[in-house]
Amino acid sequence: MKFIRLLLTCLIALILLTGCWDRSEINDIAFVVATGVDKGEKNKFLYSVQIPLPSSMGGAGSSGGGGGTSGEGPFLVAQGPGGNERQGIEEIQTKLSRRIYLGHRRVHIIGDSLAKEGIKKSLNAIFTQPRSRISTFLLISRGDAVKLLKTQPRMEQYSGEGMREMSKNSINMTAREALQDLYRDGKDMIIPIVNAAGTTKDDKNKKEVQMESFAVFKDDKLAFSSNSNESEGILWLFEKMEKKSASFPAAKDEEISVQIFENQTEPTLKIVDGKPTFLLTVRAAGVLFENEPNYRIEDPKTYRLIISKMESQIKEQIQAVLKHAHSQGIDVFGFGWYLYKNKHQAWEQNWKNDWRKTLPNLKVTVKVDADIQRTTNIGIIEKE
């Protein structure tokens, strides 16, 4: 009898539990692919979301359609104020018929005006937001972040996808890695900067997205933006020059371009008179793609001349960003983090508390070992 009762109970439970009582239909969800946050009024933030419009995202030859506040393109850009991200999202939700879903977000942009005051709160919000991906790429915008969301690149259907691809080819900074750098001893954040740009000099529409510099942080506040020389140095430091081209002057008004296929940076620590000193060994190898002076690199003297010029420029670029950052007490490479991992007790006792004051006088020697292993242009004139 007990067995029959148990069997009936199980059968009734199976009948009652069948079906999807909490299902969400796909046409009831607004899939957010990119978000932005800007400084608002009265200590509030302005949150923005970019949502593709499936009905407007046709194939080739489709006219597409505008949406929301963007005014063009097959996407919607909506913005709402709030004292935190949840309030901003809820404000935006009141304007939308579909439920906002952040599980597909790939890019998060922070306006530079807000970045100068601190981004810790915005970073923490990514981790506390339900279904939000910590692999979201993090970017800093020149001007308001919402303007980057409104841009309509010609090669992509919406700017969020373009910025995602560009982030993968940069230093690949995600929200997870940025937050790790923020809380690491002896390491400061570096985040790519994006801005609206035209495809030509006379293009005033500025529908494209450009990524050519980096935001260097001190704690969680934007300290300075790198120039072109420092940006190259950052890519060399973080081993991100592979598949990129490096150009350097070889003769008067003539340059040599090399496509890099190997980039390694190895620090070596030495304690001198109780103070840490570092040797940075940078290895670079590439293929000669452009040979404007028509140097014949098969000649040993010519080869050494070209290599010396290449090594000199790489060294100069790395030293430029290190000098600028260290003068402001910013550890862009993470020398302090290296000490934390390898000389932890000495770090805690001797260097941790005064590390930012130590950085301006930290001795860092940069050694570059470059090589050109193949060439697509052997040259016709031998010069020294």
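These legends go with several close-up views of a predicted model. Local features here need pLDDT of at least 70 and side-chain atom pairs count only at pLDDT 80 or more, while totals for chains, interfaces and linings use all residues. Residues are numbered from 1 along each chain as its sequence is written, and side-chain values use heavy atoms, with hydrogens and water left out.

**View 1. Strand β7, covered on both faces.** Let's start with β7 (residues 137-141), where 5 of the 5 residues are buried, so the strand is largely enclosed by the rest of the structure. Buried means under 20% relative accessible area, exposed over 50%, and partly exposed in between (1.4 Å probe, protein chains only). Strands are DSSP runs of E with at least two residues, helices are runs of H or I with at least four, and both are numbered from the N terminus. On one side of β7 sit F137, L139 and S141, and on the other L138 and I140. β7 runs parallel to β6 (residues 107-111), with 5 bridges between them; two strands pair if DSSP finds at least two bridges. In this pairing, L139 is the bridge partner of I109. β7 is also parallel to β8 (residues 190-197), this time through 2 bridges, and here I140 stands opposite I193.

**View 2. The hairpin of β9 and β10.** Strands β9 (residues 208-218) and β10 (residues 221-225) run antiparallel and are joined by 4 bridges. A215 stands opposite S225 of β10. There are 2 residues between the strands, and D219 has its place in that loop. Have a look at its backbone: D219 has a positive phi of about 60° although it is not a glycine. Most residues other than glycine have a negative phi. D219 is partly exposed, at 48% relative accessible area.

**View 3. D253, another aspartate with a positive phi.** D253 lies in the loop between β11 (245-251) and β12 (254-272). Its phi is positive, about 60°, although D253 is not a glycine. D253 is exposed, with a relative accessible area of 73%.

**View 4. Helix α8 crossing helix α9.** The axes of α8 (residues 228-237) and α9 come within 7 Å and cross at roughly 100°. Axes are lines fitted to C-alpha atoms, for helices over the stretch in contact, and angles run from 0 to 180 degrees between N-to-C directions. The two helices are therefore roughly perpendicular to each other, a label for angles of 65 to 115 degrees. On the α8 side, the residues that meet α9 include W236 and L237, and on the α9 side I314 and L322 are among those involved. Contact means heavy atoms within 4.5 Å.

**View 5. The largest nonpolar core.** A nonpolar core is a set of buried Ala, Val, Leu, Ile, Met, Phe, Trp, Tyr and Cys residues joined through side-chain atoms within 4.5 Å. Of the 69 residues in this one, L123, F217, W236, M310, L322 and F335 touch the most other members. Helix α9 (residues 300-327) gives the largest share, 8 residues. A second, separate core of 16 residues includes V33, A145, L148 and M211.

View 6. In α10 (residues 335-342), F335, G336 and L339 are buried.

Methods: Parallel < 35°, antiparallel > 145°, perpendicular 65-115°, else oblique.
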